[in-house]
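I opened this notebook to keep track of what I looked up, one entry per topic. The structure goes in first.

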Amino acid sequence: MDLGIRNKRVIVTAASRGIGYATAKRFLEEGARVVISSHDENKLKEAYSKLREIGEVHYVKADLTSVDEVINLVRKSNDILGGIDVLAYVTGSPKPGNFLELSDNDWEEGFKLLLMSAVVAIRESVKYMRSGGRIILSTSMTLRQPIDNLDLSNVIRLSLAGLIKSASKLLAPRGILVNGIMPGWTLTERVDQLVKDRARRQGKKEEEVIAEITKEIPMARMAQPEEVANVILFLASSLSTYVTGAIIPVDGGITRCTF
Ligand SMILES: NC(=O)c1ccc[n+]([C@@H]2O[C@H](COP(=O)([O-])OP(=O)(O)OC[C@H]3O[C@@H](n4cnc5c(N)ncnc54)[C@H](OP(=O)(O)O)[C@@H]3O)[C@@H](O)[C@H]2O)c1
């Protein structure tokens, strides 16, 4: 099936590993022209070496906690690709911890990583979306259901729902659709980190923690990163022409709220 993604000019952030990497890979498989980004240059180059086997990919190093680097990423991507059609925005993970443990500095870093980077990435990208465009923010199931000891995510990520709504209304007249996804448990290095943290806190084995988590998921398994990436692709594709301001759960049914 032609998803209408061939030759689209795409930025994927936090793309050296995990959900971002899978997203860049899927865009390349569909024939898009892609700029990947993350903040560790060595890991970014490793990802680039693998992805260049699939299609036209470029890399620009950018730490999402730096406004200047996010601006530079978008400008350079525009220079490289000759415009921008899609911003597939993924971030790094905030530090685990509850609000009694987290420092003021942790909150400031969390704000920069999770919210400010999204504001700047959207604001800069739309300057180069001259004939419509798609913006997809990958957030988290914590938008709907807090997770213990992930208070930076539980609190700050909620603001992305407001950003998606505000941006979608503002940008709809320009043909730019803005949506989000809320991944649930997805098999990446982030999950390894969270499982280790929970095992340490609760004095349990990692296998026990994994079994407890999957017991809560109606589909009884975690997602593969590609399963999350495919929903981002859908929102960037010609199959999705009347969806904006939406935030789609991709969580195997784990969030219990009705809407
Ligand atoms: N996996 C899950 O179950 C799950 C569920 C819901 C939400 N999420 C969220 O989805 C996002 C991606 O998760 P993941 O599981 O794919 O994580 P991951 O496998 O740990 O990958 C994280 C990616 O973020 C990049 N990154 C980290 N800090 C960065 C920074 N300051 N600036 C730029 N890039 C940075 C990393 O690049 P470097 O190589 O530069 O470190 C890497 O590419 C995270 O925000 C996570 O909290 C994950």
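**Entry 1: a pair inside helix H7**

I began with Asp 197, which counts as buried at 14% relative accessibility. The cut-off for buried is under 20% relative accessible area. I note here that the model is a predicted one.

Which residue forms a salt bridge with Asp 197? I found Arg 200, with the closest N and O atoms 2.9 Å apart. Both residues lie in helix H7, 3 residues apart, which is about one turn of the helix. Arg 200 has a relative accessibility of 60% and so counts as exposed, since the cut-off for exposed is over 50%. I wrote down the general point that side chains of opposite charge can pair when their charged atoms come close.

**Entry 2: helices H7 and H8**

I stayed with H7 and looked up how it meets H8. H7 covers residues 189-202 and H8 covers residues 206-215. Their axes come within 9 Å and cross at roughly 110°. An angle of 65 to 115 degrees counts as roughly perpendicular, and H7 and H8 are therefore roughly perpendicular to each other. On the H7 side, the contact is made by Val 195, Lys 196, Arg 198, Ala 199 and Gln 202. On the H8 side, I listed Glu 206, Val 209, Ile 210, Glu 212 and Ile 213.

Glu 212 came up again when I looked at charges. Its side chain meets that of Lys 204 in a salt bridge, at 2.8 Å from N to O. I checked the accessibility of both partners. Glu 212 is partly exposed, with a relative accessible area of 31%, and Lys 204 is also partly exposed, at 29%. I then looked for salt bridges that share partners, and found that they join Lys 25, Arg 26, Glu 29 and Glu 30 into one network.

**Entry 3: the salt bridge count, and one more pair**

How many salt bridges does a search of the whole structure find? It finds 16. I picked out the pair of Lys 95 and Asp 106, whose side chains meet at 3.2 Å, N to O. Lys 95 lies in the loop between strand E4 (86-89) and helix H4 (104-125), and Asp 106 lies in H4, so this pair ties together parts that are 11 residues apart in sequence. Is Asp 106 buried or exposed? I have Asp 106 down as buried, with a relative accessible area of 13%. Lys 95 counts as partly exposed, at 46% relative accessibility.

**Entry 4: the loop between E5 and H5**

I looked up two residues in this loop. The loop runs between strand E5 (133-138) and helix H5 (151-156), and Ser 140 lies in it. Ser 140 is buried, with a relative accessible area of 10%. What does Ser 140 touch, not counting residues up to four places away in sequence? My list is Ser 153, Arg 157, Ile 181, Met 182 and Pro 183.

Asn 149 is found in the loop between E5 and H5 as well. Asn 149 is buried, with a relative accessible area of 19%. Its phi is near 65°, a positive value in a residue other than glycine. I marked this because most residues other than glycine have a negative phi.

**Entry 5: another positive phi**

Ala 220 also went on my list. Its phi is near 60°, which is positive in a residue other than glycine. Ala 220 is found in the loop between H8 and H9. At 55% relative accessibility, Ala 220 counts as exposed.

**Entry 6: Glu 41 and its contacts**

I looked up Glu 41, which has its place in helix H2 (residues 41-51). Glu 41 counts as partly exposed, at 34% relative accessibility. Leaving aside neighbours within four places in sequence, Glu 41 is in contact with Tyr 59 and Lys 61. How far apart are Glu 41 and Lys 61 in space, C-alpha to C-alpha? I noted 6.1 Å, for two residues that are 20 apart in sequence.

**Entry 7: a nonpolar patch**

I ended on the surface. Met 1, Phe 234 and Leu 239 form a nonpolar patch there, with about 350 Å² of accessible area together. Leu 239 lies in the loop between helix H9 (225-236) and strand E7 (247-250), and it counts as partly exposed at 48% relative accessibility.

Terms used. Residues numbered from 1 in each chain as written. Predicted model: local features only at pLDDT ≥ 70, side-chain atom pairs only at ≥ 80, totals over all residues. Heavy atoms only, no water. Patch = residues over 30% accessible without salt bridge, like charges linked within 9 Å, V, L, I, M, F, W, Y side chains within 5 Å. Areas by Shrake-Rupley, 256 points an atom, 1.4 Å probe, with all protein chains shown as cover. Salt bridge = Lys/Arg side-chain N within 4 Å of Asp/Glu carboxyl O. Helix = DSSP H or I, 4+ residues; strand = E, 2+ residues; numbered from the N terminus. Buried < 20%, exposed > 50% of the residue type's maximum accessible area, 1.4 Å probe, protein only. Axes fitted to C-alpha atoms, helices over the stretch in contact; angles between N-to-C directions. Parallel < 35°, antiparallel > 145°, perpendicular 65-115°, else oblique. Contact = heavy atoms within 4.5 Å.
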